[in-house]
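Colleague: Could you take me through the metal and ligand sites of this model? I would like to compare your account with the coordinates.

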Amino acid sequence: MAPQFPLTPLFMSDAPQQHIASLPTKHVISRLSTARKIMGAFLCLLLLAGANIFLLQSLLRDFHAMAATVNVAGKLRILSQKIAVETMSLSVEQGSGVAEIERSMRTFDVVLQALIHGGTVFGIDIQKLRPPHDELLKTLELNWGGYRQGVQKALAILALPASGTAEKTATHQWVGGDAARMLGHTEALIDSIVDEHQAAQRQVMTALYALLFVDALILLLGFVARQAFNGWTQRLANLIVRIKRDKQNLKQAKADFRMASLVYQNSSEAMVVTDPEGVIVNVNPAFSAITGYSANEALGAKLSILHSGRHDAAFYQAMWQSLLATGKWEGEIWNRSKDGREYVERIVINTSYNDDGSVQCRIGLFSDVTQKIQSEALIWRQAHYDHLTGVPNRKLFQDRLDGAIARSSLSRGRMALVLLDLDFFKEVNDTMGHGMGDELLKEVAARLGKCVRATDTVARLGGDEFTLILEEVEDTEVVERLCRDILQALAQPYQLAEDVASISTSMGVSFYPDDGRTAQELLTNVDLAMYAAKERGRNQFCCFTPQMRQTADKRRRLLRDLVNALREGQFVLHYQPIVELSTGYIRKAEALIRWNHPELGLVGPVDFIPFAEDAGIIVKIGDWAFREAARQAALWRKSYCNDFQISVNVSPAQFMAGGLSDTEWLGHLKALDLTGDSIVVEITEGLLMDATAQVSRNLLAFRDAGIQVALDDFGTGYSSLSYLKKFNIDYIKIDRSFVCNLAPGTGDIALCEAIIVMAHRLGLKVIAEGVETVEQRNLLMQAGCDYGQGHLFSAPVDAESFSTFLVTSA
Ligand code: C2E
Ligand code: MG
Ligand code: MG
């Protein structure tokens with residue numbers, strides 16, 4: 001059954017109404033085209049003109065009749081005179097004229113009768129004269145009677161042959177007298193008729209003026225009527241348009257209602273209608289599907305049956321405030337279904353009002369978005385938290401850092417950013433496996449969480465890098481204390497399954513606003529501070545100083561210039577002698593690279609070799625150094641002694657990048673007519689620890705070609721004896737750090753003695769680096785060390801100076 005409440009405001013589209021409302025009324029009116037209007041006006045004027053002509057004709061009809069009467073009366077007068085003239089001129093001889101006179105008298109009779117009674121004379125229709133002329137007519141008729149008798153009498157007399165002149169004259173006199181009277185009467189009649197004519201003329205003129213006035217009045221009335229008609233037509237057209245529109249609206253409304261009804265019943269969105277007090281008056285099937293309440297159960301109940309209790313009073317207050325103010329509210333609510341399941345619904349509530357503005361009902365449309373919200377929350381969590389350690393990831397860290405900076409900026413407070421990098425974490429991964437590495441990282445995150453306040457942020461940026469955001473830290477001391485605590489906490493052994501691991505941490509600290517005002521600045525600086533901690537020997541923290549940036553800037557500049565240095569021929573090799581301690585002979589030298597920078601002067605290898613390694617240019621630089629050293633070896637073999645050897649330092653990065661081509665190097669030696677033993681390759685212990693198959697092949701190829709291998713900086717790394725055997729090392733170079741503190745009875749001399757004994761046992765020769773004093777040399781000699789290298793003999797010098805040195809020391 002269709003619902004019994006007004007769904008239209010909710011469901012009905014108002015598009016058709018808009019369409020009808022936009023029908024142009026003027027357009028309908030314009031159907032009464034201008035041509036029709038002109039035609040109408042023309043017809044009206046024609047009608048008016050016709051009426052005028054009709055009126056004029058009727059007026060002029062009397063006027064013409066009067067003119068005809070005047071004409072006839074005039075003829076009557078002439079006739080009277082004609083009769084007299086003819087009578088008086090009649091003679092006996094002329095007896096024939098009597099008939100003419102009698103005809104004239106008969107004509108006179110006829111004319112007079114016509115004037116009295118109306119009729120046709122002389123072919124003219126005349127009407128009988130009006131009563132005002134009756135008196136004159138009677139007089140005229142009476143006189144005519146006398147005149148007629150007189151004329152007949154005169155005719156009789158004149159017809160007598162015996163009548164004399166006197167009689168004739170008398171006859172003439174009375175006929176003349178009668179004729180004169182007749183003339184007077186006829187003229188009086190004519191005057192009377194002319195007066196009437198003139199009166200009629202005046203009347204016609206008056207009537208014409210009246211007609212003119214009436215015409216003007218008619219035209220005015222016509223204009224007014226037209227205006228009124230136009231307004232009426234307009235109203236009529238509007239009415240027609242409205243009726244049409246209403247009809248279409250009604251049709252559309254019916255269609256909409258049908259559709260709304262369908263939607264209501266079949267919608268997957270739940271719909272609920274309540275009265276103003278919140279009592280449910282209607283629900284659709286989707287409502288029952290979501291809430292579990294059937295229509296029967298829901299009707300009459302209050303919406304509060306769905307309350308989950310998750311929202312506080314303030315939440316509902318805000319909702320009602322919005323409903324009362326705007327009639328609308330939308331948002332997400334946690335509700336509870338009949339079976340107790342809590343769900344989130346996304347609801348839109350609208351209000352329908354009565355004509356008097358009171359609330360008729362409220363309509364709620366909602367859908368269950370629980371799954372969507374849960375999956376969104378999961379996605380959000382996955383996107384913002386590190387899945388391994390559960391702490392915020394780089395993205396959330398970035399957001400929190402931005403937020404912390406904004407808050408600090410507002411409160412003009414200070415905050416600290418700490419960057420932590422675990423030292424040698426790679427070794428844990430390599431030796432204990434990545435699973436254990438992961439466990440260690442989790443433990444690190446947990447320990448960090450315990451060290452900081454709940455309001456601080458611990459985040460993992462990736463790998464073994466963690467960060468801390470410490471807000472409201474006015475005192476640097478507090479941060480430093482925290483860093484010390486963290487160093488200590490993280491240095492505690494980690495129980496990883498059966499194994500125990502220990503690590504240290506390098507930390508950098510930068511402060512807002514002291515070291516940067518933007519997240520980028522703070523991050524860059526904290527990175528520099530952390531690297532400074534690494535460089536200073538790890539297991540410590542460093543606070544950022546501007547000096548670090550200068551160093552970094554310098555490095556960046558060097559890195560930039562490094563690309564061109566090789567092409568520009570800016571590298572140079574210096575040579576440091578390696579002296580056979582027992583004889584004092586110089587049989588070897590170490591080639592040490594320098595960069596002759598156009599602006600900075602001579603730059604030592606420690607300042608650019610690490611960049612060259614990072615940038616991958618080390619392969620080309622190392623290649624150049626080998627070829628240059630070999631060229632120099634060939635020269636000195638010729639000029640100084642034919643078994644002279646030059647040591648060349650080879651970076652692990654050269655091996656790793658796969659850029660070291662032993663065949664090319666051997667080919668180069670061959671081209672210089674050198675045997676393999678003219679070169680010693682100096683490698684570090686680290687290379688052997690990470691040795692790949694490629695490294696082993698390279699070293700094997702060197703050994704096969706007679707190139708010897710020296711293990712540089714021995715004692716600073718893992719110093720594994722098994723490596724010495726495995727890779728057929730020829731020389732051990734005791735690191736300078738052991739040599740510089742050599743003194744009798746010290747641990748260092750014991751260590752050097754142990755290294756020397758062990759090396760000799762394994763068939764290796766020993767070179768002591770950094771020999772600066774005679775005492776050191778003597779102690780080393782006593783310990784059985786084979787070779788010495790250091791400032792005591794010579795600092796590294798260019799090839800030319802070295803040649804001189806060789807000649808002088810020979
Ligand atoms: P290294 O191979 O251990 O070289 C010995 C370093 O000790 C040289 O520093 C040398 O100048 C310095 N030295 C020698 N005798 C004494 C002494 O009596 N007292 C003191 N204080 N120092 C002494 P240098 O030339 O700065 O080289 C540093 C490091 O740079 C080298 O250490 C080597 O690892 C690397 N290196 C040098 N040249 C090259 C090269 O061509 N390729 C590669 N990959 N690395 C190179
Ligand atoms: Mg070396
Ligand atoms: Mg060394």
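This is a predicted model: local features need pLDDT of at least 70, side-chain atom pairs count only at pLDDT 80 or more; totals for chains, interfaces and linings use all residues.

Colleague: Which residues coordinate the magnesium ion (ligand 2)?

Modeller: E590 (OE), N649 (OD1), E682 (OE) and D712 (OD) coordinate that ion, at 2.0 to 2.3 Å. Donors here are N, O and S atoms within 2.8 Å of the metal (3.2 Å for Na, K and Ca); water is not among the atoms, so sites may look incomplete.

Colleague: How are those donor residues spaced in sequence?

Modeller: The pattern is E-x58-N-x32-E-x29-D. E590 lies in strand 16 (residues 586-597) and D712 in strand 20 (residues 708-714), so the pair ties together parts that are 122 residues apart in sequence. Strands (E, at least two residues) are DSSP runs, numbered from the N terminus.

Colleague: And are E590 and D712 buried or exposed?

Modeller: Both count as buried: E590 has 3% relative accessibility, and D712 has 8%. Buried means under 20% relative accessible area, exposed over 50%, and partly exposed in between (1.4 Å probe, protein chains only).

Colleague: What does D712 bridge?

Modeller: D712 bridges the magnesium ion (ligand 2) and the magnesium ion (ligand 3), which lie 4.1 Å apart. D713 is partly exposed, at 26% relative accessible area.

Colleague: Turning to ligand 1, how many residues surround it?

Modeller: There are 19, the closest being E590, N649, D712, E772 and H791; a residue is near a molecule if one of its heavy atoms lies within 4 Å of it. Strand 16 supplies the largest share of this shell, four residues.

Colleague: Which polar atoms of the protein lie by ligand 1?

Modeller: A backbone N or O atom of I593 lies 3.1 Å from a nitrogen atom of ligand 1. An N or O atom in the side chain of R736 is also 3.1 Å from a nitrogen atom of the ligand, and a polar backbone atom of H791 is 2.9 Å from an oxygen atom of ligand 1.

Technical notes: Residues are numbered from 1 along each chain as its sequence is written. Chains are lettered from A and ligands numbered from 1 in the order in which they are written. Side-chain values use heavy atoms; hydrogens and water are left out. A polar contact is a pair of N or O atoms within 3.5 Å; within protein, one must be able to donate a hydrogen and the other to accept it, and residues adjacent in sequence count only if both atoms are side-chain atoms.
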